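Dear colleague,

Please find below the structure that I am handing over to you, shown together with its sequence. My account of what was found follows directly after it.

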Amino acid sequence: MHPAIETSQRAYSWLIYLYPGDFRREFAGEMQRAFEDDLRDAWQYRRFTGLAETWLTVLYELLTVALLLQLRSNLVVATVVSLVSTTLLYTALGHAFADKSHAHIILHHWRL
């Protein structure tokens, strides 16, 4: 077996952990076998181009399936909301403090 295929199989077995646990427990074996079949066919007919196309499909699936399944989890949603709101707050404060006149107003208002 070509090293690129072996490396791809190992990498995919780690990427399966991006799916939620219950989904992974039910479908991981089937997903792994389907990926191995896809890799074998891709390598047989198109070599590295086929492997690249297979990986593009995997990455698309991770973004459209794994991410959406993870977002159904309340913990993940809370974490994402917290991260986004904190980022927006720091960005807004950074812009406000970049302009010295706004910084004085903010500091006075918050008594800092």
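If a helix of 51 residues were straight, it would span 75 Å at 1.5 Å a residue, whereas α2 covers only 13 Å between its end C-alpha atoms.

Although R47 is not a glycine, it has a positive phi of about 55°. R47 is partly exposed, with a relative accessible area of 45%.

Which residues does T54 touch, once its neighbours within four places in sequence are left aside? They are F35, D38, L39 and A42. T54 itself lies in helix α2. Its relative accessible area is 10%, and because buried means under 20%, T54 counts as buried.

L51 is moreover one of the residues that touch the most other members of the largest nonpolar core, together with Y12, F35 and V58. That core has 15 residues. The elements giving two or more residues to this core are α1, residues 3–15, and α2. Its largest share, 10 residues, comes from α2. In general, nonpolar side chains in soluble globular proteins tend to be buried together.

L69 is located in helix α2. Where does the chain bring Y19 in relation to L69, given that they are 50 residues apart along the chain? Their C-alpha atoms are separated by 7.0 Å. Not counting residues up to four places away in sequence, L69 touches Y19, P20 and F23. The other leucine, L67, is likewise found in helix α2. L67 and P20 are 47 residues apart in sequence, and their C-alpha atoms are 9.1 Å apart in space. L67 is partly exposed, at 41% relative accessibility.

Turning to the chain as a whole, there are four helices and zero strands, so that the pattern along the sequence reads α-α-α-α. The chain has 112 residues, of which 22% are buried. Of the contacts with a separation of 6 or more, 51% are between residues 24 or more positions apart. The accessible surface of the chain comes to about 8,600 Å², and 65% of this belongs to carbon and sulfur atoms.

Finally, a word on confidence. The average pLDDT of the chain is 79, and 72% of the residues score at least 70. Confidence is highest in α1, at 90, and lowest in helix α4, residues 100–109, at a mean of 59. Where pLDDT is low, the predicted coordinates should not be read in detail.

With kind regards

Terms used. Residues are numbered from 1 along each chain as its sequence is written. This is a predicted model: local features need pLDDT of at least 70, side-chain atom pairs count only at pLDDT 80 or more; totals for chains, interfaces and linings use all residues. Side-chain values use heavy atoms; hydrogens and water are left out. Buried means under 20% relative accessible area, exposed over 50%, partly exposed in between (1.4 Å probe, protein chains only). A nonpolar core is a set of buried Ala, Val, Leu, Ile, Met, Phe, Trp, Tyr and Cys residues joined through side-chain atoms within 4.5 Å. pLDDT is the predictor's confidence in each residue, from 0 to 100. Contact means heavy atoms within 4.5 Å. Accessible areas come from the Shrake-Rupley method with a 1.4 Å probe; for residues, only the protein chains shown count as cover. The expected span of a helix is 1.5 Å times one less than its number of residues.
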